[in-house]
Amino acid sequence: MYYRIIRNDMLKSKVITLATMIFVSAAAMLVSLAAILVVHLSGALDMLMTQAKTPHFMQMHSGEVNMARLTSFAEQNHHVDDFQVAEFVNIDGSKIILGDRSLANSVQDNGFSIQSEKFDYLLDLDGNIIHASDGELYVPVSYMRDHTAKVGDKAFVSGREFTVAGFLRDSQMNSALASSKRFLLSAHDYAEIKNLGSTEYLIEFRLKDMSALGAFESAYASAGLEANGPTITYPLLTMLNALSDGIMIAVILLVSVLIVIIALLCIRFTLLARIEGDYREIGVMKAIGLRVSDMKRIYLAKYAAIAAAGSAVGYALSLVSKGMLLENIRLYMGDSGRTSLASLFGLAGILLIFLAIMAYVNGVLRRFRSLSAAEAIRSGTSHEQGAGAKQFRLSGNRWFSTNVFLGVQDVLARKKLYATMLVVLVISSFIMIVPQNLYSTISSKSFVQYMGIGTYDMRMDVQQTGPIPTNTSEIENRMRSDSDISRYAVLTTKAFKVKKENGSEENIKIELGDHSAFPIYYSKGRAPAAENEIALSALNAEELGKQVGERMTLTAEGAEKALTVSGIYSDITNGGKTAKAVFTDHTADTMWAVICAELSDPSLIDQKVSEYKNRFAFAKVSDIEEFVAQTFGSTISSVKKASVASALVALVITLLITLLFMKLLIAKDKYSIAVLKALGFTNSDIRAQYISRSVVVLIAGLILGTLLANTLGELLARTVISSFGASTFTFAIHPLSAYLLIPLMMIGSVLIATIIGLTGAGQIKISESMKG
Amino acid sequence: MKKMMIGDRIVKSFGEGRERRHVLDGVSMEINEGEFVAVMGPSGSGKSTLMFALSGTDSVDSGKVVVDGKDLSTMGENELSDLRRTTMGFVFQQPTMLSNLNILDNIILPAMRDNRNNVTKISEKARLLMQRVGIADLEKRDITQVSGGQLQRAGICRALINSPKMIFGDEPTGALNSQSAQEMMDILSEINADGTAVMLVTHDAKVAARTERIMFMRDGTIVSELKLPKLEGMDMDQRIEEVTEKMREIGI
């Protein structure tokens, strides 16, 4: 009998049943995909890092290396299992040509190396250790991904010819987030190109026990060994490798949570409308002695059927579509070998969704218990009237037309019912506004100030390809006499040691020069102005535990220098760990220099960039917009894509839910509509009433959604952005899109859905609805 | 006497194919201005369907309905709505009130559609009507806070708010106890005495006996008619006797 009741019920409400099933399928698919991805990601990552024998601790270093000292440190430290110094040579992108493409515009530091001896192996796409022959070049897998190169291509490195023999996985630098990439060639070829670029060393350790990593790190730091470069540890590498896919998984999970919420809301108002419609019948069943649990079972069975079908479809879809999302993991990390485990996890995720839905339905059905049989039979409807409606009388209405009044009044009287739609609209406007605001924020020109870059027009980077001070003053001389350059500033970066609270020393890179010329945004305090002041990037301030006004001690060539922290700023450059000061120093070597310039006529930028490029071949000259685009462009464009995609999703959800809601409302209000019609209200009167209801709920939804987006959304966005190194920012809201375009699109889709949903109202026959 | 309403060979059927059933099988009838008539018949005889057809709330398959000189078949949905709102009032068996509105708001609702700016006047009129039917103190009550009889009286006030020429009642006393039913009929008689035509659909001989003309229906046709003198011209028991006699005679 249950089967028949359920089947009839579903046939009666095909659209709603189907829509609910679609939402359940979508949620199930996403949850299953997320579970599958997590298993594959962790498996593949584990496999890659095991096969490659990734170092547990690595110090990058440019400059001289004292091998004897390092070897003796490694021998004496009882945590060390294995130790090696690998070297690689950085070659400017413009000197590398893969196939017919030059890497001149690459934002990566491209380095060349030979296969490691003991660990940190570079692997081929089958996970084997590569042995390159002379003339062969193995290219980082990311260049395969973006179709820069393919196997068999000719490659030129500073004029020497190679053949692309294959692609390699690098357990350290695979990630798009790692700014360096390693190419692999034979020892003989390496010796030939070694002098064509700057050599960098990777001082690598494998430890006997990973848990000793912290102790080892401080031992290394306090031993005063080579440390001119970043320090990287195994957990950091794991995180870097997992991050981009991890973010994808997080986004999928987030979206699936939203869809689950929407599916539940969908179920909630279908169920409530159904209970409302069956009110009298339920009362009768209760009165003749059927148990509440018997009645619940019918509804539970129906939703079990919908949820089971939806979950099955979702699971099948996730198995079909997982290949697409796994492509990245497979390419960068290889196969995880955990296919069946992944499928099992996917299934577990789906079971979770199923159980959540059933628990929810069960919860909604609890109101059966409180339903009074007598009341149900007597009145046939449950009377819910909100307190707010009482003050709102038709006889006191001076403001609205009667139709608008009836619409608004109904919303106020049945708040609970409309709350469902309100929640959906709030969610929709939230997921439309937040990504849009995030996009307009990070794409606005002022945003670079938050990112540690001043607002200037042209930027010249002078790296260690020659004597930096000489090269810098050469450029300075030219700029001084160039009338097109209205202002410029030279900022040189040097490495110093800073004393930490516990007495240990740590490297700190400080950018010296005039920081008032092109100011950046300081989240706390201000730019350093006096000789004894220093400003720290947010990440450095956090790591050193310093606040504005606190003092810190720097050592340079044995001498100590006391500085006061004048300000803290956000930075995305150089891994977010930077500092700024104005003192002059002649002791430490310059690591690099940046010359920032402002043009008297900004439209000359292209001409000036090429002029300086030609004149100073040793410097990297860039238009600041291009520079921002290169460091940050891919993020901006993916945020843009995400914002467009989420806007579309939100609109579709709005459209579908409003449509469903209207259909349910019409079914529920059949009797009232018939009454109104009998009293002489026309179909267009009734349409006006329902449109007013939608509009009232929509306006409330938009206001709440916007408020939420500007508070909670900004907080969320700040968390996302702070992961790039920027700690403080406020939304740069594009008023036209946030306050006009988005509301208009929402209004449009709600109106369309309302009007489509209302077609049923016109067909309601007074004679049929009023009988009995 | 001017005709308020003319039904000419009205046919209305429900169902498809073999299941098709003529609920109104060529009914012809007339109601004069200010007349008080009743339609009687057993369940399924087509009396409610006739009322819906005459008031333009339901379409007919064939035949013609003319209300206040206007042919309904030539009118669109909106015009029919306008006609219902301005010319007719309805009282149903179950109180058909909107649960969101209080008693007063329910009563003034049909008038507010066109005359929102006269809300004070309309409310005043509603209060007078409420006073007349004896529910003056209930205007602020919710519809769940009053009795069925009181709700039915409010329904009459609503039907009268636009000063219609004709009132339809579909078993208006069907859900009331005899005391309330009696009071209800007194009110309807009063309204009729003021010149408003009233047509009641009922199966209750006592109710029908209050009217001046009774049409008896069976299987979709009017099988007989009974005329009674004005209320004051004949004793109530005698009227009821005549009606029941007629019912016996035609076997309903």
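This is a predicted model: local features need pLDDT of at least 70, side-chain atom pairs count only at pLDDT 80 or more; totals for chains, interfaces and linings use all residues.

For chain B the mean pLDDT is 89, and 100% of its residues reach 70 or more.

Strand S1, which covers residues 57-61 of chain A, is mostly covered, since 5 of its 5 residues are buried. In a regular strand the side chains alternate between the two faces of the sheet. In S1(A) both faces are covered, with Phe57(A), Gln59(A) and His61(A) buried on one side and Met58(A) and Met60(A) buried on the other.

**Salt bridges**

Side chains of opposite charge can pair when their charged atoms come close. Over all chains, a search of the whole structure finds 46 salt bridges, and the table lists some of them, including a pair that joins the two chains.

| Salt bridge | N to O distance |
|---|---|
| Asp120(A) and Arg182(A) | 3.1 Å |
| Arg414(A) and Asp410(A) | 2.8 Å |
| Lys494(A) and Asp585(A) | 3.3 Å |
| Asp685(A) and Arg113(B) | 2.2 Å |

The side chains of Asp120(A) and Arg182(A) meet in a salt bridge at 3.1 Å. Because Asp120(A) lies in the loop between strand S5 (109-113) and strand S6 (122-123) of chain A, while Arg182(A) lies in strand S10 (residues 180-184) of chain A, the pair ties together parts that are 62 residues apart in sequence. Both Asp120(A) and Arg182(A) are buried.

Arg414(A) and Asp410(A), whose side chains also meet in a salt bridge, are likewise each buried. The side chains of Lys494(A) and Asp585(A) form a further salt bridge. That pair links distant parts of the chain, with Lys494(A) in strand S14 (residues 485-499) of chain A and Asp585(A) in the loop between strand S20 (579-581) and strand S21 (590-599) of chain A, 91 residues apart. Lys494(A) and Asp585(A) are both buried. Elsewhere, salt bridges that share partners join Arg478(A), Asp482(A), Asp484(A), Lys608(A) and Glu611(A) into one network.

Ala273(A) lies in helix H7 of chain A, which spans residues 234-277. Ala273(A) counts as buried because its relative accessibility is 16%, and buried means under 20%. In sequence Ala273(A) and Lys668(A) are 395 residues apart, but in space their C-alpha atoms are 6.3 Å apart.

Ser737(A) lies in helix H23 of chain A, residues 735-757. Its relative accessible area is 8%, so Ser737(A) is buried. Leaving aside residues up to four places away in sequence, Ser737(A) touches Gln436(A), Ile742(A) and Pro743(A).

**The contact between chain B and chain A**

What does each chain bring to the contact, counted in residues? Chain B gives 34 residues and chain A gives 36 residues. The two chains bury about 3,000 Å² between them, 57% of it on carbon and sulfur atoms. Of the area that chain B buries against chain A, Asn100(B), Arg113(B) and Arg116(B) supply 20%, more than any other three residues.

Across this interface the rule finds 1 salt bridge, in which Asp685(A) and Arg113(B) have their closest N and O atoms 2.2 Å apart. Between chain B and chain A, 7 residue pairs are in polar contact. On the side of chain B that touches chain A, helix H2 (77-87), helix H3 (103-112) and helix H4 (119-133) of chain B each supply at least two residues.

**The sheet of chain B**

In chain B, 4 strands form an open antiparallel sheet in the order S2-S1-S4-S5. The edge strands, each of which pairs on one side only, are strand S2 (21-32) and strand S5 (70-71) of chain B. Strand S4 of chain B, residues 62-67, is joined to S5(B) by 2 bridges and runs antiparallel to S5(B), with Val66(B) having Asp71(B) as its bridge partner in S5(B).

Notes:
Residues are numbered from 1 along each chain as its sequence is written. Chains are lettered from A and ligands numbered from 1 in the order in which they are written. Side-chain values use heavy atoms; hydrogens and water are left out. Buried means under 20% relative accessible area, exposed over 50%, partly exposed in between (1.4 Å probe, protein chains only). A salt bridge is a side-chain nitrogen of Lys or Arg within 4 Å of a carboxyl oxygen of Asp or Glu. pLDDT is the predictor's confidence in each residue, from 0 to 100. Contact means heavy atoms within 4.5 Å. Buried area is the accessible area (1.4 Å probe) that two parts lose on being put together, summed over both. A polar contact is a pair of N or O atoms within 3.5 Å; within protein, one must be able to donate a hydrogen and the other to accept it, and residues adjacent in sequence count only if both atoms are side-chain atoms. Two strands pair if DSSP finds at least two bridges between them.
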